[in-house]
Amino acid sequence: MKAAAFDYIRAENMAHALDLLSENGGDAKLIAGGQSLVPMMAMRLARPSLLIDINRLDTLKNVEMTETHVKLGAGVRQRDLEFHPQLQTFLPLVGKGMQWVGHEQTRNRGTVGGSLVHADPSAELALAALVLEADLKLESKSDGSRQLQANEFFLGPMFTAVSDTEALTQIDWPVWQGTHIGTAFEETAIRKGDFAMASAACQIQTCEEGRVRRISFGVGGVDGTPLAFPDLAKTLVGQTLSHDKARHISHEAVQSTQPGSDMHATAAYRKHLAEILLCRALLTAYAEAFATFDAS
């Protein structure tokens, strides 16, 4: 199929883009990389009457790294983030998740903000943002700017809290402080680069004797949005993580999910897969954190 007819305007700056959104409301869509929007338009799942091109706005491509935060413009290319020399130091979980995002060709054009706004339940960056409790900055002409946490941003499949006149402009990722931090990102798809049947991510910080000091984990592809489990995570603080404990926590987490069935997997299989992947992510991240303690 081909996309329905639409008008096209290249925004001169962010203020111009917000003006156009304010004037056109839900009939307009922002486009930068187009790796999610254009296929949806081709299948006529999305039919905007106006495309607002923000691809060349340098203000959306900034990368600012400090000891406590990484601030990314929404227009940062996924490929640029993947090969950023300091990413593994500041955001190792994001670095591992990036390897699963689409294919090299799509990462060359796709943007961080575009992936988050698309809100695919199996999207790797969405899961990482939820697990790391990222803050997302939204801007509009009429209401100015506001900050949302990732757990407030994702509302359902392909559905976010961004209004018709707002634009996602920046993502603020907290950087965990201290040493002995381990991360893991696990995923299974029909082919590498395809949409995940299920995924899991975990970040752990340990203290002496391998006890968990801090932990966050979640799963993707098994519900309307990616999911994190802060209440379950709290139960592991101060404990060592055995294989049996990881299996129990993974089982408890996945029982609350509601996956769908399709030609690739049944709902029951997706639940089972997510449980296995989460258990693996917990143990892999824990082993990495504990290994850095042993080596120090």
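I take two strands as paired if DSSP finds at least two bridges between them. The model I looked at is predicted.

**Sheet.** I looked up the strand order first. I found 4 strands in an open sheet, ordered β11-β12-β13-β14, with antiparallel pairing. I noted β11 (181–188) and β14 (227–228) as the edge strands, each pairing on one side only. I then checked the β12 to β13 step: residues 198–206 and residues 212–220 run antiparallel and are joined by 8 bridges. For Gln203 I recorded Ser216 in β13 as the bridge partner.

**Helix on the sheet.** I looked for what lies across these strands. I found helix α8 (residues 124–131) across β11, β12, β13 and β14, running at about 150 degrees to β13.

**Cores.** I listed the largest nonpolar core at 42 residues; Leu91, Val94, Leu116, Phe153, Ile171 and Trp173 touch the most other members. I noted that α8 gives the most to this core, with 7 residues. I followed Val94 beyond its neighbours within four places in sequence, and it is in contact with Leu81, Leu87, Leu125, Ala128, Leu132 and Trp173. I logged another core apart from this one, of 30 residues, including Phe229 and Ala265.

**Rings.** I counted 3 aromatic pairs. I looked at Phe153 and Phe154, which form an edge-to-face pair, 5.1 Å centre to centre with 90 degrees between the planes. I checked burial for both: Phe153 is buried, and Phe154 is buried. I also looked at Trp100 and found Lys192 over its face, at 5.2 Å from the ring centre.

Conventions:
Residues are numbered from 1 along each chain as its sequence is written. This is a predicted model: local features need pLDDT of at least 70, side-chain atom pairs count only at pLDDT 80 or more; totals for chains, interfaces and linings use all residues. Side-chain values use heavy atoms; hydrogens and water are left out. Helices (H or I, at least four residues) and strands (E, at least two) are DSSP runs, numbered from the N terminus. Contact means heavy atoms within 4.5 Å. Axes are lines fitted to C-alpha atoms, for helices over the stretch in contact, and angles run from 0 to 180 degrees between N-to-C directions. A nonpolar core is a set of buried Ala, Val, Leu, Ile, Met, Phe, Trp, Tyr and Cys residues joined through side-chain atoms within 4.5 Å. Buried means under 20% relative accessible area, exposed over 50%, partly exposed in between (1.4 Å probe, protein chains only). Rings of Phe, Tyr and Trp (its six-membered ring) pair if their centres lie within 6.5 Å; planes under 30 degrees apart count as stacked, over 60 as edge-to-face and the rest as tilted. A charge sits over a ring if NZ of Lys or CZ of Arg is within 6 Å of the ring centre and within 35 degrees of the ring normal.
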